[in-house]
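Please read them with the coordinates open.

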Amino acid sequence: MTNGTPAELFTTKADHAYLRVKELILSGVLPPGSVIAQVRLARDIGISTTPLREALRRLKSEGLVALDAHRDARVAPLSAEEARDLLEMRRSLDPLSIALAAERRTRADIAGMRAAAEGLSPLPGDPAYEQLVAHRRFHAALYGASHNDLLIGTLDGLWDKSDRYRRLALEVDRGRKAAEHEALLEYVIAGDADGAAAVMREHIDTSLGAQAARRLRARADSDRADFDHAGSERAGSEVDGIDV
């Protein structure tokens, strides 16, 4: 958590700005598609706009911020396509990571997974940043036990983007995944790669990310249908107005 921490305690002011803005985005304080008022935000963080712009460029590379040629910045909007892409990636990579974790976990890994699981509870409708971090910490402990650095790095990169879609799904579904979390932990500790992978596949298919993908796709289909209907009505009016 970076709120209230002096910028001087970080390696650079840009690092401080990066972590703070990222927190504001993932916590929903800066919602998808919103304009980032850079001068005011820099003042609130306690830095100049120069390190803030550096942080925004870094967040752009992670797909969390959109920048235009005039240096205007917005929080990247949510999209049905990105939700689908994230879901497809996680359907493949999460079961693989959990199966490898069941085969390769060490005593230290098991201790870390158990510690991360302590006090973990279903996310509420409007989760605090710390609750999202706790949820991520548990899953990171699981896929970290795969000891596959490329896989771990890829899943790390997917997680922040996925959190924004989880928040969208939580607006209508509070989520109850505690039993699946317990099953994942037990299968990995028992060394059951097939069982762990099967639970993870179910976990992903019923996840908040999957719900968000379906919700955004339905919204996009509805918007497209409205557009097509309006176009048909306009075309019909034009035909009705022809003098024959």
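Notes on the model

1. His147 lies in the loop between α6 (129–144) and α7 (149–170); helices here are DSSP runs of H or I with at least four residues, strands are runs of E with at least two, and both are numbered from the N terminus. The phi angle of His147 is near 55°, a positive value in a residue other than glycine. His147 counts as partly exposed because its relative accessibility is 43% (buried is under 20% relative accessible area, exposed is over 50%, partly exposed is in between, with a 1.4 Å probe and protein chains only).

2. The basis of these comments is a predicted model, in which local features need pLDDT of at least 70 and side-chain atom pairs count only at pLDDT 80 or more, while totals for chains, interfaces and linings use all residues. Residues are numbered from 1 along each chain as its sequence is written, and side-chain values use heavy atoms, with hydrogens and water left out.

3. On the overall fold, the protein has ten helices and two strands. Their order along the sequence is α-α-α-β-β-α-α-α-α-α-α-α. Of the 244 residues, 42% are buried. Among contacts (heavy atoms within 4.5 Å) with a separation of 6 or more, 73% join residues 24 or more positions apart.

4. How do α4 and α8 pack? The axes of helix α4 (residues 80–104) and helix α8 (residues 178–190) come within 6 Å and cross at roughly 40°. Axes are lines fitted to C-alpha atoms, for helices over the stretch in contact, and angles run from 0 to 180 degrees between N-to-C directions. The two helices, α4 and α8, are therefore oblique to each other (under 35 degrees is roughly parallel, over 145 roughly antiparallel, 65 to 115 roughly perpendicular, and the rest oblique).

5. In that contact, Ile98, Ala101 and Ala102 of α4 meet Leu184, Tyr187 and Val188 of α8. The residues of the contact comprise six nonpolar, no polar and no charged (Ala, Val, Leu, Ile, Met, Phe, Trp, Tyr, Cys and Pro count as nonpolar, Asp, Glu, Lys and Arg as charged, and the others, Gly among them, as polar).

6. Asp192 is in the loop between α8 and α9 (193–205). With a relative accessible area of 31%, Asp192 is partly exposed. Leaving aside neighbours within four places in sequence, Asp192 contacts Ala102 and Tyr187. Asp192 and Glu103 are 89 residues apart in sequence, yet 7.5 Å apart in space, C-alpha to C-alpha.

7. Leu158, in helix α7, counts as buried because its relative accessibility is 12%. Not counting residues up to four places away in sequence, Leu158 touches Leu86, Met89, Arg90 and Leu93.

8. Leu216 belongs to helix α10 (residues 208–240) and is buried, at 6% relative accessibility. Leu216 touches Leu78, Ser79, Ala80, Ala83, Tyr165 and Leu168, not counting residues up to four places away in sequence. Leu216 and Leu78 are 138 residues apart in sequence and 8.3 Å apart, C-alpha to C-alpha.

9. Two arginines deserve a look. The charged end of Arg58 sits over the ring of Tyr18, 3.5 Å from its centre (the criterion is NZ of Lys or CZ of Arg within 6 Å of the ring centre and within 35 degrees of the ring normal). The charged end of Arg166 sits over the ring of Trp159, 4.0 Å from its centre.
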